[in-house]
Amino acid sequence: MPETKSRSANRNVVIIGGGHNGLVTAFYLAKAGFKPLVLERRGQTGGAAITEEFHPGFRCSTLAHAAGPLRPDIVRDMQLEKHGLKMIMPEVEVTSLTPDGRALTLYRDTEKSCQEIAKFSQKDATKYPQFQSSLAKMGRVIGKALTLAPPDIDNPTSGDLWGMLNTGRSIRKLGRRDMYRLLRWGPMAVADLVAEYFETELLRATIAARGIFGTFLGPWSAGSSLVLLIRAAGDEHPAGSCWFAAGGMGAVTQAMASAAQQAGAEIRTGAEVIEVRVKDGAASGVVLSNGEEISARAVISNADPKRTLLKLVDPAHLSPDFVMKLQHYRMPGTVAKVNLALSGLPRFTALGDEINGVLSGRIHIGPEIDYLERAFDESKYGNFSRQPYLEVTIPSLTDPALAPEGKHVMSIYMQYAPYKLKDSDWEKQRVALGDTVVKTLAQYAPGLPSQILTHQIITPQDLEDTYGLTGGHIFHGELSLDQFFTMRPLLDWARYRTPIENLYLCGSGTHPGTGLTGGSGANAAREILKDLKK
Amino acid sequence: MPSNSKYDAIIIGGGHNGLTTAAYLARAGKKVLVLERRHVLGGAAVTEEVFPGFKFSVCSYVVSLLRPEIIRDLDLPRHGLEILPLDGTFTPMPSGDYLWRVNDHGKTHREIARHSKVDAEAYDEFGKAMQAMCRFVKPILSMVPPDPATLNPKELMKLLFIGRRFQGMTSEDKYNQVQLMTMSAIDFLDQWFETDVLKATMSASGIIGTFLGVRSPGTAYVLLHHYMGEIDGAFRSWGFARGGTGAISNAIADAAREAGAEIRTKAAIAQIIVKNGKAKGVVLADGDEIYADIISSSVDPRLTFTKLIEAGTLPGEFLEEVNRYKFRGSSGKVNLALDALPNFKCMPGPGAHLRGAISISPSVEYMEKAYDDAKYGNFSRRPYIDMVIPTLTDPSVAPPGKHIMSCFVQYAPYKLRPGLNWDEQKEAFGDNVINTIAEYAPNIKDIILHRQVVTPLDLEREFGLSEGNIFQGELSLEQLFFLRPVPGWAQFRTPIKNLYMCGSATHPGGGIMGGPGRLAALEILKDFKGAA
């Protein structure tokens with residue numbers, strides 16, 4: 001009997017944090033016959049992909065309001081539909097507005113998008129599909145790299161070599177022209193990239209936004225094209241399409257939780273890990289805030305790399321050099337979130353009353369490249385943008401259950417809101433932030449302020465304090481060339497392992513680490529299983 | 001190649017790279033003709049007596065130390081090249097303080113310690129780390145970029161060579177290298193230093209010649225060149241040429257002539273003669289036709305391929321890439337003839353601090369704000385200025401007792417915002433520079449005898465630098481190595497047979513290093529051999 005006990009103990013794995021990546025990892029480990037225990041600090045799982053009632057009768061995706069999109073193989077493996085996930089894919093991807101009352105709508109259907117673009121420029125309408133097919137081609141290549149565990153540069157394993165060879169081959173398949181494009185685009189400024197294809201400022205800005213969302217980059221920052229490419233790997237549509245979940249993003253993680261549980265994972269909420277126990281250089285378990293100790297064969301952290309290795313682990317177990325490098329891992333948050341409960345559907349000047357569903361996708365506020373760059377400029381000096389770039393959704397249009405009949409919820413990502421404010425703090429600026437967002441929107445929908453029943457303001461400080469995102473960075477660290485692939489989070493430590501044996505990372509702070517895709521969690525599970533099965 | 005034409009090679013443009021190519025080809029026994037549009041040789045590496053008695057290094061003003069192999073191969077000292085040391089960088093601050101780094105290690109250490117003890121320690125470590133990085137990059141600067149898009153084993157070996165070198169590094173060096181190639185100058189320096197003025201001044205070398213700010217990713221790697229003997233890109237370095245920068249070009253020209261090269265000035269070229277896909281010769285502005293087996297152009301790709309080549313000759317795809325190649329001049333020059341020396345508030349009177357570079361880069365925010373102005377089509381209200389007073393080291397370039405002060409100014413965007421043009425803004429730009437300097441050296445306005453303002457537009461018109469880019473094209477990651485100047489055409493050859501490129505628009509890029517000119521010559525000679 002004790003023997004079987006020890007054998008079962010030998011299968012115990014603790015996962016710190018029940019965000020979407022943690023749940024994906026839990027699922028794959030459980031499926032492989034291990035006993036993952038997911039410990040979530042908050043009262044509910046989901047991390048940054050949650051739905052909460054923020055006003056009686058009004059529910060909203062508190063943070064993430066659109067999916068990555070999810071990696072299809074993960075959706076399939078976890079059978080998320082069977083676990084209650086219903087994706088909503090409005091045919092409208094994004095509608096961009098200008099203060100002077102013009103609107104550009106891009107559709108999932110490329111032809112339809114071109115018709116819209118043609119109203120601005122025939123030339124751009126012909127270029128749009130070319131741009132999309134280039135993105136698609138490169139996306140397929142990058143997509144391959146995103147599903148890989150970054151290779152070990154010094155002594156690549158046979159698996160690494162195979163993966164690289166595979167990617168290498170698909171790069172060759174690109175052909176000379178697109179291959180050089182790939183090399184050239186990576187380090188480019190997205191403003192230059194879109195200017196190479198399009199002349200319509202509104203279209204340029206709409207696409208460029210995809211290269212800066214959630215980053216501490218402006219459209220003129222070198223490397224912002226890479227961010228666009230990484231995102232295009234999951235979804236070739238130039239401006240990115242729009243994936244909602246019925247019931248909000250929380251429904252995604254609920255389905256994942258249920259899939260993980262059915263596979264045999266245990267999930268405990270309200271269980272805050274305050275320390276990772278390390279014995280002779282190896283993780284042996286965790287300590288909860290209530291003093292309870294849980295021993296485990298492996299500890300996997302869904303929390304960001306800094307929180308995991310600088311807060312939960314006693315630095316004494318790490319080399320000063322490693323600690324120093326990790327301290328330099330850049331994760332300065334730049335976004336804030338404002339959720340509004342509305343007494344009715346706001347009327348946008350540019351659209352009049354002929355809406356025809358164009359509001360059902362994302363609404364892009366940021367009419368010009370320079371507008372976006374100016375918004376960025378202010379954040380460089382520690383101020384939040386007075387004329388911010390906004391990504392708005394009204395999920396209640398496609399999912400009426402989120403709000404009482406006839407009423408609506410509006411979810412707004414505000415950028416740039418730098419985590420570190422110059423001579424002020426976010427508690428002092430919270431109200432000003434909300435006002436700025438509403439004022440900005442009022443330029444496009446004058447009636448909006450009078451329709452607001454309540455608003456929920458989430459500052460970068462809240463993102464850190466409430467949701468555990470160090471620096472308030474929604475992607476667990478900047479998506480930049482120096483923090484990507486074999487460098488995410490650190491060179492030599494990009495393979496989900498850490499200098500502490502049996503301690504692993506599976507969150508967005510690991511490759512590929514882009515939005516709500518589950519990629520990091522799935523890659524991590526695959527690597528971790530290699531070790532666990534030894 | 002059957003040699004039935006008068007020359008083996010015609011070099012378009014008598015800049016330092018064109019002359020270097022000419023010298024190498026001539027020394028290999030080729031009959032070479034160099035054609036320069038202006039009345040004087042040197043291109044942007046030129047000395048001109050703009051005002052009686054005052055010999056200005058009009059554009060490039062300090063020597064980014066030439067590749068040693070070129071100095072050696074061409075025996076330049078014998079041809080009159082004499083490099084005088086430029087010691088240190090002096091950064092005045094509005095607070096009345098200053099940062100003064102010199103070549104004397106002990107002094108610099110104490111000076112930095114005055115601002116931050118931690119930084120003083122880090123400074124030494126930083127220097128060591130940079131040296132390690134240089135060891136990795138140097139051979140890359142002197143190699144012909146590989147073509148990653150072919151399966152040609154020769155090319156793959158080059159890539160493998162680089163990969164191996166990278167693998168060979170310690171993980172510490174790898175870490176730094178990766179960061180250097182991708183990060184912004186400030187993000188990188190932030191990891192080492194806390195003193196704002198130190199970071200600001202060091203970051204300056206990361207932006208020169210680019211339309212980027214010190215916070216723009218990709219600017220870190222240019223810092224590296226600051227630590228290399230050979231500087232690719234960064235204007236700043238540690239030497240003057242006696243007699244001004246033009247003396248370098250003259251020495252190279254002398255070496256070329258001695259080897260038998262023929263050099264003509266005031267010989268503008270109207271067109272490159274191309275017959276069935278092969279370059280045959282050139283037509284001069286005056287209608288003369290000169291034929292040669294090969295043509296090598298040291299002028300930038302835009303001029304070479306869209307002005308000198310008849311439309312319809314080149315494949316559209318190639319031209320598309322040429323048009324995509326970014327120039328975006330971002331800097332100007334203000335050259336001053338002075339009656340006396342400037343007097344700095346923070347360190348009054350003459351002294352050694354005036355013998356080195358004087359850098360107006362008081363804070364990181366100052367540098368970044370200067371960039372912000374330029375992004376929206378204005379010259380920086382308060383620009384980054386790099387000043388040198390060559391007369392303190394080389395009195396020969398000015399009348400006795402008088403001085404020359406050369407001010408490199410960034411940002412001065414070639415494309416001003418709608419409604420503004422450089423012809424109208426020229427003097428305002430000059431005034432703004434003087435006013436900026438006056439904030440640190442108030443007497444400057446009283447000691448100016450003459451002023452020459454060089455705007456990006458002047459650089460384009462007078463020196464043939466498209467959009468006034470001092471490096472014949474932005475030194476941004478997507479325009480370097482095998483992507484410079486055109487992806488797939490980084491090996492000095494062009495889609496037109498027998499037509500080559502040998503200017504700063506090719507690897508390893510701008511700055512007075514002669515790298516492109518030399519590498520191009522070596523490739524051209526390979527083809528000569530292949531054809532023989």
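**Reading chain B of a predicted model**

Chain B holds 17 helices and 18 strands. The model is predicted.

Trainee: Why is Thr304(B) called buried?

Mentor: Count its neighbours. Thr304(B) has 27 other C-beta atoms within 10 Å. The cut-off for buried is 20 or more. So Thr304(B) is buried.

Trainee: Where does Thr304(B) sit?

Mentor: In helix α11 of chain B, residues 301-307.

Trainee: What makes Met501(B) a contact of Thr304(B)?

Mentor: Two residues are in contact if their C-beta atoms lie within 7 Å. Met501(B) is on the list for Thr304(B), along with Ser297(B), Val299(B) and Ile309(B). That list leaves out residues up to four places away in sequence.

Trainee: How do you know that chain B agrees with a compact globule?

Mentor: A compact globule of 532 residues would have a radius of gyration near 24 Å. Chain B has 23 Å, so the two agree. The C-alpha atoms fill a box of roughly 70 × 55 × 50 Å along the principal axes. Of the 532 residues, 57% count as buried.

Trainee: Which part of chain B gives the most to the side that touches chain A?

Mentor: The contact takes 28 residues from chain B and 28 residues from chain A. On the chain B side, α6 (171-182) and α13 (364-375) each supply at least two residues. Helix α6(B) gives the most, with six residues.

Technical notes
Residues are numbered from 1 along each chain as its sequence is written. Chains are lettered from A and ligands numbered from 1 in the order in which they are written. This is a predicted model: local features need pLDDT of at least 70, side-chain atom pairs count only at pLDDT 80 or more; totals for chains, interfaces and linings use all residues. Helices (H or I, at least four residues) and strands (E, at least two) are DSSP runs, numbered from the N terminus. The radius of gyration is taken over C-alpha atoms; the globule rule is 2.2 Å times the number of residues to the power 0.38. A residue is buried if 20 or more other C-beta atoms lie within 10 Å of its own, exposed if 12 or fewer, and partly exposed in between; C-beta atoms are placed from the backbone.
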